[in-house]
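Have a look at the picture, then try each question before reading on.

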Amino acid sequence: MDSYEFLSKSPAATSALGERVGERLETGSVIALTGELGCGKTLLTRGVCAGLGVPLRQVNSPTFVLVNEYRGRLPVFHMDLYRLGTESDVVELGITDYLSRTESGVMIVEWAEKIPSLLPDDLLKVEFEVLSARQRRIKFSTSGGRFGRLLEELQRS
Ligand SMILES: Nc1ncnc2c1ncn2[C@@H]1O[C@H](COP(=O)(O)OP(=O)(O)O)[C@@H](O)[C@H]1O
Ligand SMILES: [Mg+2]
């Protein structure tokens, strides 16, 4: 299976969805979140982290640094590229470094559309669409084999 669509009707539903994803993630997972400001990327990330066993008080968008690191069942790197302007060499080096460390952990990237060429092909893409004040369409898709079973399990559960 290479895609799965979820209609979220509340912030709690988005968190719970993230938690189900987090419970099933394996090392080397890269999650690319896209969608307008306030669509729910950080909220979903908090759910994913909860599912990975990260204490929730730790999880907030990295504002002054490129990446926040958390420790749950696996190491988690949380990147928020909202303030990232043009791709500088320094930023590129940093991102590449974190991606190599992701071999033994999980990377979650908000505003992933800003660095398409730096991310691996086999990632879990999550696109948000704001339908109304409390409704979000959340579309998961993947092109490689890594996340096929995860999407099947989300569909079934
Ligand atoms: N169904 C929903 N899913 C996610 N967020 C929702 C939903 N309905 C309302 N919201 C609100 O939208 C906002 C999402 O914020 P946040 O996760 O920080 O967005 P982003 O990181 O994409 O900018 C929160 O204030 C949340 O309460
Ligand atoms: Mg955010």
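Q: How many of the 11 residues of helix 2 are buried?
A: Keep in mind that this is a predicted model. A residue goes down as buried if 20 or more other C-beta atoms lie within 10 Å of its own. In helix 2, Lys41, Leu44, Thr45, Arg46, Gly47, Val48, Cys49 and Gly51 pass that test. The helix is largely enclosed by the rest of the structure because the number of buried residues is eight.

Q: Which elements cover the buried residues of helix 2?
A: Lys41 and Val48 are among the buried residues here, so we want to know what sits over residues like these, given that the helix is largely enclosed by the rest of the structure. The cover includes helix 1, strand 2, strand 3, strand 4, strand 5 and strand 6.

Q: Which residue just after helix 2 takes a positive phi?
A: Helix 2 covers residues 41-51, so look just past its end, remembering that helices here are DSSP runs. The phi in question is about 85 degrees, and the residue that takes it is Gly53.

Q: Which helices each supply at least two residues of the shell around ligand 1?
A: There are 17 residues around ligand 1, and the closest are Thr14, Gly40, Lys41, Thr42 and Leu43. One helix spans 11-24 and the other spans 41-51. The two suppliers are helix 1 and helix 2.

Q: How many charged residues does the shell around ligand 1 have?
A: The shell holds 17 residues. Sort them by class and you get five nonpolar and eight polar ones. The charged residues number four.

Q: In what order do the seven strands of the open sheet run?
A: The pairing in this sheet is mixed. Strand 1 and strand 3 stand at the edges with a single partner strand each, so one side of each is left without a neighbour in the sheet. From one strand to the next, the twist averages 15 degrees. The order reads 1-7-6-2-5-4-3.

Q: Do strand 3 and strand 4 run parallel or antiparallel?
A: A hairpin of three residues links strand 3 to strand 4. Five bridges join the pair, and Asn68 stands opposite His78 in strand 4. The two strands run antiparallel.

Q: Which residue of strand 5 is the bridge partner of Phe77?
A: Strand 4 is joined to strand 5 by five bridges, and these two run parallel. Strand 4 is also largely enclosed by the rest of the structure, because five of its six residues are buried. The partner of Phe77 in strand 5 is Met107.

Q: Over how many bridges do strand 2 and strand 6 pair?
A: Strand 2 is mostly covered, with five of its six residues buried. Across to strand 6, Thr34 stands opposite Glu127, and Leu33 stands opposite Val126. The sense is parallel, and the number of bridges is four.

Q: Which residues touch the most other members of the largest nonpolar core?
A: This core has 32 residues. Two or more of them come from each of helix 1, strand 2, helix 2, strand 4, strand 5, strand 6 and strand 7. In soluble globular proteins, nonpolar side chains tend to be buried together. The residues with the most contacts to other members are Ile31, Ile108 and Val109.

Q: Is Val106 buried or exposed?
A: Val106 is found in strand 5. Not counting residues up to four places away in sequence, Val106 touches Leu25, Ser29, Leu52, Leu74 and Val76. Because 25 other C-beta atoms lie within 10 Å, Val106 is buried.

Conventions:
Residues numbered from 1 in each chain as written. Chains lettered and ligands numbered in written order. Predicted model: local features only at pLDDT ≥ 70, side-chain atom pairs only at ≥ 80, totals over all residues. Near = placed C-beta within 6 Å. Nonpolar A, V, L, I, M, F, W, Y, C, P; charged D, E, K, R; others polar. Buried ≥ 20, exposed ≤ 12 C-beta atoms within 10 Å, placed from the backbone. Pairing = 2+ DSSP bridges. Core = buried A, V, L, I, M, F, W, Y, C linked by C-beta atoms within 7 Å. Contact = placed C-beta atoms within 7 Å. Axes fitted to C-alpha atoms, helices over the stretch in contact; angles between N-to-C directions.
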